[in-house]
Amino acid sequence: MRHIISVLVENEFGVLARVAGLFSARGFNIESLCVAETLDPTLSIMTIVTTGNEFILEQILKQLNKLINVIKVVDFKDVDYVAREMILVKVAAENEKREEILRLTEIFRGQIVDVSPKTYTIMITGDEEKIRAFLSLLKPFGIKELVRTGPIAISRGDKTIKGKKEKGEENG
Amino acid sequence: MPARTGAQIFVEVLRSEGVDTIFCYPGGATLNITDCLCNCHDIKQIVVRHEQAAVHAADGYARATGKVGVCLVTSGPGATNTVTGIATAYMDSIPIVVFTCQVNTTLIGNDAFQEADIVGITRPCTKHNYLVKDVNDLPRKMKEAFHIARTGRPGPVLVDIPKDVTAAMTDAKIPEKVFIRGYQPNYNPHVGQIKRAMKLLAQSKRPILYTGGGIISSSASSELLKFAELLNIPVTNTLMGLGGFPGTHPLFLGMLGMHGTYAANMAITESDLIIAIGARFDDRATGKFDEFAPKAKIIHIDIDPTSISKSIKVDIPIVGDSKLALRKMIEFYEQEKEDFADYHRSIKEWHEQIEKWKTEYPLTYTRDGSLKPQFVIEKVYEITKGEAIIATEVGQNQMWTAQFYKFIKPRTILTSGGLGTMGYGFPASIGAQVAFPDRLVIDIAGDGSIQMNIQELATAVQFNLPVKVIILNNGYLGMVRQWQELFYGKRYTWSRIYSPDFVKVAQAYGAEGMRITREEEVEDCLRQAFENGKPTFIDVHINPEECVYPMVPAGAALKDMLLV
Ligand SMILES: Cc1ncc(C[n+]2csc(CCOP(=O)(O)OP(=O)(O)O)c2C)c(N)n1
Ligand SMILES: [Mg+2]
């Protein structure tokens, strides 16, 4: 099972090492990890994609909560959320293929951000499925390089991560 | 606030935390602080002979007193020498604060002389750690370190202080209160969960209490005793839980697990309800996870949510302080006594069964004229009546002590349960002796383990700490030999060890040395040693091939014990 987790942490030196160290020491997987400052510059949000069964997920959430520098952990399993990822992809684009790739990019509302005589570099954002679909259509043209951010996620509606229940409140 | 140096702040914070003792070892980077402690006679400064021992001593001090143990060492090798001590305290949830000094902030990251990234190295074996880069942060970070070490599930915290920070001036105030937004441990158990637990208990016919170190750290032993007696529930302890319930009590089954008693392991296996309190289902206690307590529902009370359902799925999790939870359960029982009438009637059968197990296979050993370690430990118990503070090393010596010494009070056993650190016991007993100069403190050691920190004899002599070390000398790394005897065709590769003459070693350090080779000498010699007022080694030549029984082979189920 694949899970997206949001972790609100102190924006402090060493916090990333604590979180990454926790995952490696306990043998949990990290598929992707995105981290940056929030509106409040003393805080950062990490979005982590991980895999594991219910049992492992429960341990991951508890272990993250136990870190002193972690303020809140949200598991998007029980929350309605929006997740988006950005990719940059460099694809072979010569002669008549250039037109075709351009159209494909438009359909997916992507952008060509760099051009060379033999390649296009395309930026596209979207959810997992859209990105998978785009990449599979692009593949036959010859993908030369792919860089992805991994998803970031936010809950739908007026809920915010800071409005979620406090750490330590959960019981049972 | 007048301006003070970082070193002065350091001492101020120690005072504000009520620290009366530190275990320390100097070096270039500690000098500003060391100099500042020159005239502080209100803070005992015990200078050890190896930084590992400083941490174990602080840990022993903490286990014996319940207060936070403190040590201070220099950068680089001083800091890296603390790692085993820190990991030992971490595994057993012992509150200590380790101060390491660091190279100047301007040199950090430069591979400077005696630089080690101790914050990076200890991240996975501390509850939390800090590098103080700015002297203005020093008071807050130090206060937070003490707070984190002693609250919630206790544990070691490390604070790394660069030398220039100890010299820098600040007018920062010492904060009175600590607030950490990401750290608010939850002490109060959920009332609904307590009710559910007690309802389950009322229906149980074969309940058992399985309790661990959490009983000791939350000072819940009198509540545990009351609860067990009110509900007539048999009690088994983990190694860490010993002393949390009187070892002489009729409801006590002894320790469970790999070297647990037959009665305890059978009772767990046949039980229909386990109430686990402050214990974490360690594999040495549970045996094979899949076959642990196959017939039981499990209630688990623990301050640390990560301990719950980590290795064994539980039915009723209760996050909170053991003492508060037990109080709530006692309250519930006292209000709803009528609901327990059937319970009290049907539990009699369970006790009869347990009695049978106890008499069928009690803890025992063969008296064959040779000097048996179990006999020695029984004598230590008889003489001290369970009033001494007993440290152990690791190996057979540790298991025999756990089995044959009856711990009747909390904070009387100092032993490395989680990490199993040989070399822990002697410095830990030094720490306890510093805290209680008038009590009898004994380290029950092995001939292998004692050599891992034997240099601390000098500390004991220098500071007049009359610790007694009983070396159960079998000429082997006995526990390793036992596994080789049972599972490796008696090939004693690496485990036969040469040792020096421990009596002469003790004497060379200026301590007392004694030797026992026959049963008849045991009592007199021990009595003499316990009364001589000096640090003393007692070299006891025990039967070299004695084994610890019962034994659950690694990976087997608890019921599959090898008996004597
Ligand atoms: C630091 C450390 N190294 C290795 C071990 C593995 N080990 C566990 S018990 C043991 C033998 C201990 O020998 P001794 O102190 O003589 O005790 P005995 O078992 O003979 O009573 C060893 C080597 C350990 N627990 N700790
Ligand atoms: Mg030995």
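This is a predicted model: local features need pLDDT of at least 70, side-chain atom pairs count only at pLDDT 80 or more; totals for chains, interfaces and linings use all residues.
Along the principal axes, the C-alpha atoms of chain B fill a box of roughly 70 × 60 × 40 Å. Buried residues make up 61% of the 564 residues, and if we take the contacts in chain B with a separation of 6 or more, 76% of them are between residues 24 or more positions apart.

Now to the helix packing, where I have picked out two pairs.

The crossing in which α3(B) passes α18(B) is right-handed. The residues of this contact comprise eight nonpolar, four polar and no charged; on the α3(B) side they include Ala53(B), Gly60(B) and Ala64(B), which face a group on α18(B) that includes Gly431(B) and Ala432(B).

How are the helices of the second pair, α11(B) and α14(B), oriented to each other? Helix α11 of chain B, residues 221–231, and helix α14 of chain B, residues 322–335, pack at an angle of about 30 degrees, with their axes 9 Å apart, and they are therefore roughly parallel. Their crossing is left-handed. Here the contact residues divide into eight nonpolar, no polar and five charged, and among them are Glu223(B), Lys226(B) and Phe227(B) from α11(B), together with Lys323(B), Arg327(B) and Ile330(B) from α14(B).

Finally, some backbone details, for which the background is that most residues other than glycine have a negative phi, and most peptide bonds are trans.

Asn232(B), in the loop between α11 and β10 of chain B, has a positive phi, near 55 degrees, and this residue is partly exposed, with a relative accessible area of 29%. Ala293(B), placed in the loop between α13 and β13 of chain B, also has a positive phi, of about 40 degrees, but Ala293(B) is buried, its relative accessible area being 6%.

As for the peptide bonds, the one that joins Tyr549(B) and Pro550(B) is cis, with omega about 0 degrees, and Pro550(B) lies in the segment after β20 of chain B.

Conventions: Residues are numbered from 1 along each chain as its sequence is written. Chains are lettered from A and ligands numbered from 1 in the order in which they are written. Side-chain values use heavy atoms; hydrogens and water are left out. A crossing is left-handed if the near helix is turned anticlockwise from the far one by less than a right angle, and right-handed if clockwise. Helices (H or I, at least four residues) and strands (E, at least two) are DSSP runs, numbered from the N terminus. Contact means heavy atoms within 4.5 Å. Ala, Val, Leu, Ile, Met, Phe, Trp, Tyr, Cys and Pro count as nonpolar, Asp, Glu, Lys and Arg as charged, and the others, Gly among them, as polar. Buried means under 20% relative accessible area, exposed over 50%, partly exposed in between (1.4 Å probe, protein chains only). Axes are lines fitted to C-alpha atoms, for helices over the stretch in contact, and angles run from 0 to 180 degrees between N-to-C directions. Angles under 35 degrees count as roughly parallel, over 145 as roughly antiparallel, 65 to 115 as roughly perpendicular and the rest as oblique.
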